[in-house]
Amino acid sequence: MNIKQIYIGLALTSGFAITLNLSNPSPTVAQTPQEIQKIAREITVRIDDNFEGGSGVIIAKQGNTYYVATAAHVLERTKSGNYTAVTHDGKRYPINSLTIKKLQNGAVDLAVVSFVSDRNYPVAKISRYLAQTYERRSFNNGVFDGAAIANQQQAIFVSGYPNLYDESNPDNFGKTYIFNPGQIIDTSGSAISDPTNRSRGYYLTYSNLTHEGMSGGAVLDANARLIAIHGRNDGVKRVGDQIIARTLDESKKNFNINFGNSIGIPITIFLELLPSTGLQLNLEVENTAPRTIPISALDSWMPPILADDRVNPVYWINRGNQLWRIGKIKEAQDAFDRATQINDKVLDQSIAWYAKGFVSGFNRDFQGALKSCTRAVELSPETYDGWRCKAGAEYRTGKLSQALISIDRAIELNTKARPKTGTLWRENPTDYTERGEILFVLDRKAEAIASFRKAIELDDRMAGAWSNMGFVQMKMGDFAAAETSIDRAIAIDPKFAPAWANRGRLFYERKRYIESIAAYDEAAKLNPQDPEIWTNRGAVLYLAGNKNQALQSIDQALSIDPNYKPAQEIRSQIGSN
């Protein structure tokens with residue numbers, strides 16, 4: 001009996017033990033988005049520098065001193081070092097610049113500031129729980145055979161004070177509070193187009209619409225608990241006919257097109273690094289799964305659209321960007337179509353086609369993504385993001401040779417775009433992990449391993465790259481190297497289910513069935529909704545002589561997906577014996 005499997009995906013998790021303090025005023029568990037918004041507003045502050053400013057979230061109180069977590073780049077806007085914390089009731093409190101603590105001296109984009117007040121402000125609850133996302137892609141004799149995504153579409157909320165300028169009321173700049181819903185896209189950093197951000201701690205990607213000025217604001221789960229610090233908007237920024245940044249520092253103002261994901265730093269990274277600042281804070285930390293809020297409950301939460309000129313393609317791109325972020329995919333695509341139909345002397349239409357392809361891919365419409373991203377690179381052949389999009393769509397539609405050409409072209413363009421001096425730049429390790437996957441399916445295993453090694457060289461904490469490399473090493477018969485690689489993936493992220501599943505497969509290949517079952521048990525515990533894990537677990541149980549348990553495991557797979565063919569086939573084989 002043969003087990004078919006390959007897991008492809010990335011994830012990162014980290015943790016830090018912390019003492020609990022229940023004496024500070026803290027919100028009750030929220031039940032609705034409106035209740036979460038009330039909590040979010042009370043714990044969110046504006047950090048004002050008399051120029052642009054950003055946001056922050058109250059995380060602790062000791063005596064009359066409140067401690068605020070924020071993004072470090074919020075505190076890099078002014079040379080004077082004079083900042084003010086503005087609380088939800090409009091009160092202004094000076095921030096002592098001598099007490100500003102930048103984590104790892106600003107190498108990670110996190111900081112803590114403090115202010116003193118005799119008023120009673122709520123303190124954020126913190127959650128270390130964050131279900132890791134990944135995509136598992138399966139192949140049968142080199143042909144794409146199906147995929148499953150784990151833990152996407154978890155509802156989350158972002159809170160902050162954007163730098164929205166109102167010409168009719170300039171004194172209101174920075175005073176508008178925004179609370180936007182959305183969903184988790186990725187927890188691993190693999191969806192971030194600019195790899196330099198991962199080096200500063202950015203791993204969480206989400207659909208929530210954010211504006212410049214919301215940097216440092218709270219990212220909350222469905223229980224209104226702090227799970228990340230918001231910092232940037234990943235994607236394309238255009239002013240006129242130029243792409244001037246792939247990533248926006250969201251503590252500025254004045255931009256035309258804002259398309260892509262929002263990104264933040266998981267709170268677990270903050271907890272891990274906080275002791276290095278010398279601060280000893282009593283934080284209220286939990287580690288339980290949040291309740292579930294369906295994305296449909298967020299439909300009515302349409303954030304404001306910045307551009308209001310309906311004959312301008314920017315209006316329709318921004319509108320589509322906002323619609324897809326709250327799950328209205330068809331309406332978003334209709335908006336992008338309107339943008340592609342408007343001839344504009346300044347705006348390159350490739351951005352509208354790329355946006356349409358991006359959202360099609362997010363919605364698992366890879367044929368649609370391929371069509372749109374192909375058009376994007378036809379209009380703008382030098383666009384890195386367009387070629388990445390095209391490569392991903394080709395890969396997932398089985399056009400493997402074309403996908404390899406496209407991802408190589410994306411890597412080439414990214415290298416060409418490297419700034420000559422002065423700017424931090426890195427190659428994108430995710431490009432090399434995807435390249436390695438493509439090469440593996442093309443049966444070019446040695447090249448695949450070299451590509452995974454390149455990804456690891458760029459970021460050695462990519463659990464997915466280690467796990468995938470271990471899988472390929474296993475397929476090449478190098479079991480010792482495979483075990484080392486897979487164990488490294490698990491050491492980086494003990495909650496990464498694909499690595500445990502690959503460990504189960506490795507021990508199956510070595511006929512170490514008891515250890516294989518134990519690994520699959522762990523994978524199933526981490527991701528109980530993946531039918532492939534239950535199917536492979538059942539096959540190994542059968543080989544170990546546990547027919548009844550094997551059937552139970554495979555029946556569990558079929559209860560998740562009654563049409564899952566590997567489970568049907570293996571159950572038929574077991575049932576006939």
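**Figure 1. Helix 10 and helix 11 are roughly antiparallel to each other.** This view comes from a predicted model. The axes of helix 10 (residues 445-458) and helix 11 (residues 463-475) cross at roughly 160 degrees. The two axes come within 9 Å. An angle over 145 degrees counts as roughly antiparallel, so helix 10 and helix 11 fall in that class. Helix 10 passes helix 11 in a left-handed crossing. On the helix 10 side, the contact is made by Lys445, Ile449, Phe452, Arg453, Ala455 and Ile456. Helix 11 brings Ala465, Trp466, Asn468, Met469, Val472, Gln473 and Lys475. Sorted by class, this contact of helix 10 with helix 11 has 8 nonpolar, 2 polar and 3 charged residues.

Figure 2. The protein chain has 577 residues. Buried residues make up 60% of them. Contacts can also be sorted by how far apart the partners lie in sequence. Among contacts with a separation of 6 or more, 67% come from residues 24 or more positions apart.

**Figure 3. Helix 8 packs against helix 9 in a left-handed crossing.** Helix 8 covers residues 400-416 and helix 9 covers residues 429-441. Their axes come within 10 Å and cross at roughly 155 degrees. That angle makes helix 8 roughly antiparallel to helix 9. From helix 8, the contact uses Leu400, Ala403, Leu404, Ile407, Asp408 and Ile411. From helix 9, it uses Asp431, Tyr432, Arg435, Ile438, Leu439 and Val441. What classes of residue meet where helix 8 contacts helix 9? There are 9 nonpolar, no polar and 3 charged residues.

**Figure 4. Asp443 sits in the loop between helix 9 and helix 10.** Most residues other than glycine have a negative phi. Asp443 is not a glycine, yet its phi is positive, at about 65 degrees. Is Asp443 buried or exposed? Its relative accessibility is 51%, so Asp443 counts as exposed.

**Figure 5. Helix 16 and helix 17 pack with their axes 10 Å apart.** Helix 16 spans residues 547-560, and helix 17 spans residues 565-575. The packing angle is about 155 degrees. Helix 16 and helix 17 are therefore roughly antiparallel to each other. Their crossing is left-handed. Lys547, Ala550, Leu551, Ile554, Asp555, Ala557 and Leu558 make the contact from helix 16. Their partners in helix 17 are Ala567, Gln568, Ile570, Arg571 and Ile574. By class, the contact of helix 16 with helix 17 has 8 nonpolar, 1 polar and 3 charged residues.

**Figure 6. Helix 5 is mostly covered.** Helix 5 has 13 residues. How many of them are buried? The count is 13 of 13. From first C-alpha to last, helix 5 reaches 18 Å. This is close to the 18 Å expected at 1.5 Å a residue. Arg364 follows helix 5 and has a positive phi, near 65 degrees.

**Figure 7. Helix 6 has buried residues covered in part by helix 5 and helix 7.** Helix 6 runs over residues 366-379. Its 14 residues should span 20 Å at 1.5 Å a residue. Its end C-alpha atoms are 20 Å apart, which agrees. Phe366, Gly368, Ala369, Leu370, Ser372, Cys373, Ala376 and Val377 are buried in helix 6. What covers these buried residues? The cover includes helix 5 (350-362) and helix 7 (384-396).

**Figure 8. Ile517 lies in helix 14.** Helix 14 covers residues 513-526. Ile517 has a relative accessible area of 11%. Buried means under 20%, so Ile517 is buried. Which residues does Ile517 touch, not counting residues up to four places away in sequence? They are Val540, Leu541 and Ala544. Arg537 is 20 residues from Ile517 along the chain. Even so, the C-alpha atoms of Ile517 and Arg537 are separated by 6.2 Å.

**Figure 9. Gln104 has a positive phi although it is not a glycine.** The angle is about 50 degrees. Where is Gln104 placed? Gln104 is in the loop between strand 6 (101-102) and strand 7 (111-116). With a relative accessible area of 42%, Gln104 is partly exposed.

How values were computed. Residues are numbered from 1 along each chain as its sequence is written. This is a predicted model: local features need pLDDT of at least 70, side-chain atom pairs count only at pLDDT 80 or more; totals for chains, interfaces and linings use all residues. Side-chain values use heavy atoms; hydrogens and water are left out. Axes are lines fitted to C-alpha atoms, for helices over the stretch in contact, and angles run from 0 to 180 degrees between N-to-C directions. Helices (H or I, at least four residues) and strands (E, at least two) are DSSP runs, numbered from the N terminus. Angles under 35 degrees count as roughly parallel, over 145 as roughly antiparallel, 65 to 115 as roughly perpendicular and the rest as oblique. A crossing is left-handed if the near helix is turned anticlockwise from the far one by less than a right angle, and right-handed if clockwise. Contact means heavy atoms within 4.5 Å. Ala, Val, Leu, Ile, Met, Phe, Trp, Tyr, Cys and Pro count as nonpolar, Asp, Glu, Lys and Arg as charged, and the others, Gly among them, as polar. The expected span of a helix is 1.5 Å times one less than its number of residues. Buried means under 20% relative accessible area, exposed over 50%, partly exposed in between (1.4 Å probe, protein chains only).
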